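The sequence and structure are shown first.

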Amino acid sequence: MDKPKSPTVYGPTSDAAERQLPSKVTVPGLLQRKAKGQKILCLTAYDYPTARLIDEAGFDLILVGDSMANVVLGHASTLKISLDQIISATRAVKRAVDRPLVVADMPFGTYHVSNEVTISNALRLVREGGAQAVKIEGPRFERIDALVEADIPVIAHLGLLPQSINARGGFKIQGKTIDAAKQLLEDALTAQECGATAVVLEGVPEVVATRISQRLIIPTIGIGAGGGCDGQILVFHDVVGLTTGPVPKFAKRYAHLADEISNALGKLKDDLRSGEFPTAEHCYPASEEIPADWDSL
Ligand code: KIV
């Protein structure tokens, strides 16, 4: 007889529970992690194999970031990525993962026009992409309110805002004066009041990000904001050495995959030229004896 299925309120038994995987990370789970003092471990991913590896490594949250524009698609800024591109990448990531929370970035222009347009774009990320939350840049409280009202969890991204490169004249570290730090804190508190799930703090002095993290109930996720945040996020390609071009000072490199890949391609090229590859072990046998001049038989 079949093993009795563990009950869930709606729908079938969760696959993860059946396979005894560690429990899935949820939006309320992020808050609990902060309350328990557990660091929230986050990385970006834009494809299936990477997302699998990140899940297997035990990370809590995967962001399908608009940094895909830079590190995957070769654009100079994040402004060029489309909603369809993020949806397609989010689908691939969602297919790959069991445990981490999957968050999709709302691309530039998709939440700037009105609350209605913002909600319909965010709904596409949730319904078509499978995102469990979305992230928007800047202190856009009206949008945060509207998304929360529509039952779409939202992460607010404050500090250095890559989508504001034109408006701000570059990628500038934020919160560097007491006045600027107070404004950041106020923005983070207002985002929390509006119902944001978490706040990403990018490019902010450590002392500022640490204090903001202490003042908020919701978690902060830092990138270039020091060690005092409740979680950390980095761009996958920066961490594993796949970024072409400069890597930001705050990113630590844990592997040199671009070098590994170059070495592998060099060896393949040599083998192809010398005939070392392919050999018999890479070929399929025929099902009868076939002479070399079989076409003349
Ligand atoms: O797109 C991105 O990668 C981000 C960062 C927070 C990592 O927004």
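Helix H3 (residues 48-56) packs against helix H5 (residues 83-96) at an angle of about 40°, with the two axes 8 Å apart. Helices here are DSSP runs (H or I, at least four residues), strands are E runs of at least two, and both are numbered from the N terminus. Axes are lines fitted to C-alpha atoms, for helices over the stretch in contact, and angles run from 0 to 180 degrees between N-to-C directions. The angle makes H3 oblique to H5; under 35 degrees counts as roughly parallel, over 145 as roughly antiparallel, 65 to 115 as roughly perpendicular and the rest as oblique.

The model is predicted: local features need pLDDT of at least 70, side-chain atom pairs count only at pLDDT 80 or more, and totals for chains, interfaces and linings use all residues. Residues are numbered from 1 along each chain as its sequence is written.

On the H3 side, Tyr48, Ala51, Arg52 and Asp55 meet Ala92, Val93, Arg95 and Ala96 of H5, two residues being in contact if their C-beta atoms, placed from the backbone, lie within 7 Å. This contact comprises five nonpolar, no polar and three charged residues. Nonpolar covers Ala, Val, Leu, Ile, Met, Phe, Trp, Tyr, Cys and Pro, charged covers Asp, Glu, Lys and Arg, and the others, Gly among them, are polar.

Ala181, Leu184, Leu185, Ala188 and Leu189 of H9 make the contact with Val208, Ile212 and Arg215 of H10. By class, seven nonpolar, no polar and one charged residues take part in the contact of H9 with H10.

| Helix pair | Crossing angle | Axis distance |
|---|---|---|
| H3 and H5 | about 40° | 8 Å apart |

The protein chain as a whole has 12 helices and eight strands. Its C-alpha atoms fill a box of roughly 85 × 60 × 35 Å, taken along the principal axes. Of the contacts in the chain with a separation of 6 or more, 57% are between residues 24 or more positions apart.

Around the ligand lie Thr44, Leu63, Gly65, Asp66, Ser67, Asp105, His157, Val200, Glu202, Ile223, Ile233 and Val235, each counted if its C-beta atom, placed from the backbone, lies within 6 Å of the ligand. This shell has five nonpolar, four polar and three charged residues.
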